Amino acid sequence: MSDNLSNHFSQKLLDFDRNHIWHPYTSLINPLPTYPIVCAEGVRLIMDNGKQLIDGMSSWWTAIHGYNVPELNQVANEQLQKMSHVMFGGITHKPAILLCQKLVEITPKGLEKVFLADSGSVSVEVALKMAIQFQHSLGQPQKNKFMTIRRGYHGDTTGAMSVCDPEGGMHHLFRDFLPKHFFIEKPQKRFGETYEEEELFFLEEFFRLHSHQCAGFILEPIVQGAGGMWFYSSQFLKKIKSLCEVHNMLLIADEIATGFGRTGKLFACEHAGISPDILCLGKALTGGYMTLAATICTQRVAETICQGEAGVFMHGPTFMANPLACAIASKSIELLLKSDWQSNILTIEKELKQGLNEAKTLENVKDVRVLGAIGVIELHQPVNVAHAQKFFVEKGVWIRPFRNLIYIMPPYIISQKDLRLLTSTMVDYCQKINTRKVSEK
């Protein structure tokens, strides 16, 4: 790391960044501060001044093994000596084959056909197109809409935006541009709670009214991520699955955020004991090393699509099945499966519950939620992101709040000591702003 630490950012570079580079969800008129990082190791991000930050975000939920992982570095270097990329049209290669074998083996039963894309949002686009082509091949082109849940989030590309919450979500400005779909209220029962059967009658009515227009139902199983970090009852998911079967709709499970162990199961669908018709994966697929995604469907879905008018599935990204990304993804999955990841997630969950419990007593805290390696403090008011991040960086942690949520999804390798610093800093910040608000009354 010492060689990298000499790579300081000049003020000229930082000024260019501020004036010319658009960061995610950031204004170019009055941009949020950015913090220069020169390298990363384990669970730590190292700034150009040498300060180390414990990463509570896993780089937006991707770096499950932490950073600078020797095994992943090695396989990346080995693959680079062979080929970093080759087109997938008319060509195949071992990294893609081996990865797809692993994915078919470990994903929920019945998912057998793998389409590799280059980002999570694209995997959602692929899933939506699969469902549309499926219905078209069955002679039901009128089934070209989707059902989904309010407060959901599926990505920033056009099709993905259209199935995000059109009013309370991040994409409401585009409502008049996007296709219109059917949204049902988010599940009210928390994870671990159960519904009385009559409490789910509203779902049956929703399907009765709209299923004749809908190709499928897309949702984030168990955990609604960027739409609000809400953890809901597995019973709700089971009911959606059964209604999709009754009404000849496909269930699309967006596990881009939840896949590969984050919730305590390898895939969140396992909490409900169901298999979707189409599964979207991304984020942690390569352990945070490269962008790669997969959309996996059943034999029935694939055969029906290929028996239709087009005879093929109508999608083909340029960087589909990138060999470098596929090789790293295979190794990342291997590292996960041979580790004691379930025990690690249970330990993280226990620490999160203990560490965040104190926040429940604060007046400005609306809710505290924990599931697997996800810890959330929901406030009554939106977070001042610039103020919060300055506080967190000064304390030596990296946490990126959004809206009224302060949350962490740390790497699975994090130590109890580092995790306790993350949770105590979250609580300290809530206490700090709570004290300020009380004094202002």
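Ala, Val, Leu, Ile, Met, Phe, Trp, Tyr, Cys and Pro count as nonpolar, Asp, Glu, Lys and Arg count as charged, and the others, Gly among them, count as polar. By these classes, the lining of the largest pocket has 17 nonpolar, 12 polar and 6 charged residues.

The model is predicted: local features need pLDDT of at least 70, side-chain atom pairs count only at pLDDT 80 or more, and totals for chains, interfaces and linings use all residues. Residues are numbered from 1 along each chain as its sequence is written, and side-chain values use heavy atoms, with hydrogens and water left out.

**The whole chain**

The protein chain has 14 helices and 16 strands. Helices (H or I, at least four residues) and strands (E, at least two) are DSSP runs, numbered from the N terminus. The C-alpha atoms fill a box of roughly 60 × 60 × 45 Å along the principal axes. A compact globule of 441 residues would have a radius of gyration near 22 Å, and the chain agrees, with 22 Å. That radius is taken over C-alpha atoms, and the globule rule is 2.2 Å times the number of residues to the power 0.38.

Of the 441 residues, 54% count as buried. Buried means under 20% relative accessible area, exposed means over 50%, and partly exposed lies in between (1.4 Å probe, protein chains only). Contact means heavy atoms within 4.5 Å. Among contacts between residues at least 6 apart in sequence, 72% join residues at least 24 apart.

**Pocket and cavity**

A cavity is a set of points where a 1.4 Å probe fits but cannot get out. A pocket is an open set with protein on both sides within 12 Å along at least five of seven lines. Lining residues have an atom within 4 Å of a point. Grid points are joined across faces, edges and corners, and a volume is the space filled by probe spheres set on the points.

| Space | Volume | Lining by class |
|---|---|---|
| Largest pocket | About 1,000 Å³ | 17 nonpolar, 12 polar, 6 charged residues |
| Largest cavity | About 30 Å³ | 4 nonpolar, 3 polar, 1 charged residues |

The largest pocket holds about 1,000 Å³ of space. Of its 35 lining residues, Tyr 25, Trp 60, Tyr 153, Ala 226 and Lys 283 are the closest to its centre. Helix H3 (58-61) and helix H6 (120-137) are the elements that give two or more residues to this lining. H3 gives the largest share, 3 residues.

A search of the whole structure finds 1 cavity of 30 Å³ or more. Its lining is Gly 152, Tyr 153, Cys 164, Gly 169, Met 170, Ala 226, Gly 227 and Arg 403.

**Single residues**

Most residues other than glycine have a negative phi. Tyr 25 is not a glycine, yet has a positive phi of about 50 degrees. Tyr 25 sits in the loop between helix H2 (11-20) and strand E1 (37-41). Arg 403, also not a glycine, has a positive phi of about 50 degrees. Its loop runs between strand E15 (397-398) and strand E16 (405-408). Arg 403 is partly exposed, because its relative accessible area is 27%.

Ser 121 is in helix H6. Ser 121 is buried, because its relative accessible area is 18%. Leaving out residues up to four places away in sequence, Ser 121 touches His 154, Gly 155, Asp 156, Thr 157 and Ala 160.

Thr 423 belongs to helix H14 (residues 416-440). Its relative accessibility is 3%, so Thr 423 counts as buried. Beyond neighbours within four places in sequence, Thr 423 contacts Leu 352, Gly 355, Leu 356 and Ile 408.
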